[in-house]
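Hi everyone, thanks for coming. I'd like to walk you through one structure today, with a couple of helix pairs as our stops along the way. Let me put it on the screen.

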Amino acid sequence: MSASRWRRLLDAGLWAVLAAPIAANQAMSSAYGGLVLVLAAMAVAVGLSRTRPLLALVVVVLGSLFDGNFVFAIPVLSYLVGRRTARTGPALAVFTAVAAGGTLVNLDLLRTAPSQWLLLASILLMCGVFPWLAGRYRAQQVELATAGWERAERLERERQMVALRERARIAQDMHDSLGHQLALVALRAAALQTAPGLAPAHRAAADEVRRSAADATDRLHDIIGVLREDAQPAPVTTEDVDELVRRARASGVAVQLARTGPADSRPVMVDRAIHRIVQEALTNATRHAPGAAVTVELAHEPDATTIAVTNDPPPSGPLPAQRSGVGLVGLRERVRVAGGTFTAGEHAGGFRVAARLPHHAAPAQDDTPVAAEHRQARRRARRSLVVAVAAPAAIAAVLAAGYYPIVAADATLPPRDYDRIPVGAARADLAGLLPRRQVAERPTVGVPAAPPGAVCEFYTDGNFPLASATYRLCFAGGRLVAKDELR
């Protein structure tokens with residue numbers, strides 16, 4: 001069954017359920033003309049509930065003026081308003097207008113008793129506001145679940161890419177390590193080629209070794225893509241910078257190491273980045289500036305380490321432009337991940353690589369759009385739950401606090417004053433003791449019959465929140481003939 005057909009069936013079932021009590025009331029009243037009208041009004045309301053749920057709610061509220069059984073549809077449509085609309089302003093405006101308009105009509109035009117007004121206001125609260133809040137909370141739950149699934153899918157995609165990223169890291173390590181080794185091989189072959197007394201065949205072989213090492217270094221970039229698909233890990237060296245410099249010096253590189261500050265322990269990532277920066281810089285120096293002096297500077301601070309590797313111009317002049325590799329790009333990424341800064345470029349005719357690595361860089365938070373949306377959805381769901389519970393209680397308290405002064409003001413007879421009033425007292429003598437007005441509603445059930453010819457007055461003892469009638473005083477001939485406590 002298609003989704004559109006399923007929605008039509010649901011709407012038809014909703015219409016049948018909501019229209020049944022209204023139709024039954026109209027049929028029992030023999031108002032068959034009104035029956036067609038209310039069925040059409042309910043059909044319009046249900047039809048609007050998907051695209052204009054707030055307008056559908058207005059239709060059933062107006063319908064309740066014609067038939068009170070429309071009130072059964074108000075909770076359903078209020079829930080759908082909360083479930084299917086994102087904005088709260090229009091719904092709050094409609095509820096406010098209904099409350100204000102209903103209060104004006106009932107108290108001013110229909111002269112409804114205050115307790116009846118409180119009942120109608122409570123119905124609006126329980127049948128309108130509370131279902132709307134429940135619908136909003138349900139909508140936030142669905143949004144949270146959707147954001148959660150999107151986040152889970154994203155994390156699954158990232159998990160699948162972990163292997164590719166790790167292979168890329170291994171490929172970069174292979175490039176750094178093997179590139180450095182090949183550069184040293186080429187340097188030794190060049191030194192052997194220029195050694196005095198070497199036979200021409202041996203000199204040609206040394207030249208071939210040097211060229212092969214240089215070609216292998218250039219081709220290393222081409223095989224990185226293959227290494228990224230290889231699951232075999234590359235060995236990780238534990239060589240420190242001092243050993244790296246000594247080995248390069250033994251290979252014929254004129255390199256000097258200068259340290260400043262105490263070489264305290266640092267995080268592994270920082271040490272690894274320092275080693276790679278020096279290694280890659282020495283490799284580039286031997287390839288692009290053979291014979292040039294190289295200076296490695298390490299400045300250790302309590303919270304960071306600064307590295308600078310500078311080579312002088314090559315003695316034989318600048319070499320022809322060569323194909324750029326990925327060494328410096330990899331160094332820049334390593335430093336970025338470690339939370340540091342990286343620069344590389346020409347310096348006084350030579351070349352300089354510099355970086356600053358903090359020892360305790362704060363890890364980056366997950367600020368992707370999906371994660372941020374998930375956090376916002378969780379906050380909205382929590383707020384909706386709090387509002388759904390607290391708002392009805394707060395509104396009920398406001399209603400009671402507003403209703404009580406209206407019905408109790410100047411109509412409250414304290415129990416001690418009631419006890420002081422004797423039967424037979426003249427009404428004129430009680431003028432300063434009795435309240436200036438009576439309660440609006442007079443009970444009729446469970447009240448003793450009034451004495452013949454007596455006129456009875458009703459007062460409240462101030463019971464909260466209804467302030468209902470508690471005392472009855474009956475006067476005949478200007479004197480109190482009966483006093484009753486109503487419970």
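Let's start with a question: which residues in α3 meet which residues in α5? Keep in mind as you look that this is a predicted model. On the α3 side we have Leu54, Leu57, Val58 and Val61, and they meet Pro90, Ala91, Val94, Phe95 and Val98 in α5. Sorted by class, that contact of α3 with α5 has nine nonpolar residues, no polar ones and no charged ones.

Now, how do those helices sit against each other? In general, two packed helices are described by the angle between their axes and the distance between the axes. Here, α3 covers residues 53–66 and α5 covers residues 89–109, and their axes come within 11 Å and cross at roughly 10°. Angles under 35 degrees count as roughly parallel, so α3 is roughly parallel to α5. As for handedness, α3 passes α5 in a right-handed crossing.

With 14 residues at 1.5 Å a residue, α3 should span 20 Å, and its end C-alpha atoms are 21 Å apart, which agrees. And which α3 residues are buried? Those are Pro53, Leu54, Ala56, Leu57, Val60, Val61 and Gly63.

Next stop, the second pair. Helix α8 runs over residues 241–250 and helix α9 over residues 268–288; their axes come within 10 Å and cross at roughly 15°. That makes α8 roughly parallel to α9. The crossing of α8 and α9 is right-handed. In this contact, α8 brings Val241, Leu244 and Ala248, which meet Ile274, His275, Val278, Gln279 and Leu282 in α9.

Let's carry on past α9. Ala289 lies in the loop between α9 and β2, the strand at 294–300. Is Ala289 buried or exposed? Its relative accessible area is 6%, so Ala289 is buried.

Finally, let's zoom out. The protein chain has twelve helices and eight strands. Of its 487 residues, buried ones make up 35%. And if you take contacts between residues at least 6 apart in sequence, 68% of them join residues at least 24 apart.

Notes: Residues numbered from 1 in each chain as written. Predicted model: local features only at pLDDT ≥ 70, side-chain atom pairs only at ≥ 80, totals over all residues. Heavy atoms only, no water. Axes fitted to C-alpha atoms, helices over the stretch in contact; angles between N-to-C directions. Helix = DSSP H or I, 4+ residues; strand = E, 2+ residues; numbered from the N terminus. Parallel < 35°, antiparallel > 145°, perpendicular 65-115°, else oblique. Left-handed = near helix turned anticlockwise from the far one by under 90°. Contact = heavy atoms within 4.5 Å. Nonpolar A, V, L, I, M, F, W, Y, C, P; charged D, E, K, R; others polar. Expected span 1.5 Å × (residues − 1). Buried < 20%, exposed > 50% of the residue type's maximum accessible area, 1.4 Å probe, protein only.
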